[in-house]
Amino acid sequence: KSLVEGWGGELVIILIPVRELAYESLVAPILGEETMAIFHDNHQTMLDLCEELALTCFDALPVFKEHAEQGELLYYTEDMHLNPHGNKVLAEAVFAYLEHNGLLQKSQS
């Protein structure tokens with residue numbers, strides 16, 4: 001954080017949720033409460049760390065849940081990574097967050 005601030009920037013941590021949280025309404029009945037609690041605890045740990053260290057963090061979970069609930073596929077089915085559409089959703093959400101919080105530099109050209 002200090003290094004980025006030394007460059008005149010602001011560090012923003014992006015929390016990308018695991019697909020089990022994004023699609024919680026679909027997978028919770030299959031995985032069960034105990035397993036879902038682990039995912040929630042891990043996510044909350046990251047949110048708490050952001051607060052504890054006074055880091056600017058963007059939590060993409062609400063955005064991903066919204067898109068998942070509309071039936072959009074955000075992750076590859078065979079692994080845990082975002083697919084091209086998931087990356088697009090993330091990029092648009094990060095841009096909106098940065099713009100809304102005045103964290104985008106205006107071009108000096």
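Good morning. I begin with a term: a helix here is a DSSP run of H or I covering at least four residues, and helices are numbered from the N terminus. Please keep in mind that the model before us is predicted.

Let us turn to the largest pocket. Which helices each supply at least two residues of its lining? They are α2, residues 19-22, and α3, residues 24-31. The volume of this pocket is about 170 Å³. Its lining includes Arg19, Glu20, Tyr23, Leu26 and Val27. Leu73, Leu74, Tyr75, Tyr76 and Thr77 also belong to the lining.

Met46, Leu49 and Leu53 make a nonpolar patch of about 240 Å². One of these residues, Leu49, sits in helix α4, which spans residues 33-52.

Finally, I come to the start of the chain. Lys1 is found in the segment before α1, the helix of residues 2-6. Lys1 also counts as partly exposed, because its relative accessibility is 41%. How far apart are the C-alpha atoms of Lys1 and Ile13? They are separated by 9.9 Å, and the two residues are 12 residues apart along the chain.

Thank you for your attention.

Methods. Residues are numbered from 1 along each chain as its sequence is written. This is a predicted model: local features need pLDDT of at least 70, side-chain atom pairs count only at pLDDT 80 or more; totals for chains, interfaces and linings use all residues. Side-chain values use heavy atoms; hydrogens and water are left out. On a 1 Å grid over the protein atoms alone, a cavity is a set of points where a 1.4 Å probe fits but cannot get out, and a pocket is an open set with protein on both sides within 12 Å along at least five of seven lines; lining residues have an atom within 4 Å of a point. Grid points are joined across faces, edges and corners, and a volume is the space filled by probe spheres set on the points. Patches are made of residues with over 30% relative accessible area and no salt bridge: like charges are joined within 9 Å, nonpolar side chains (Val, Leu, Ile, Met, Phe, Trp, Tyr) within 5 Å. Accessible areas come from the Shrake-Rupley method with a 1.4 Å probe; for residues, only the protein chains shown count as cover. A salt bridge is a side-chain nitrogen of Lys or Arg within 4 Å of a carboxyl oxygen of Asp or Glu. Buried means under 20% relative accessible area, exposed over 50%, partly exposed in between (1.4 Å probe, protein chains only).
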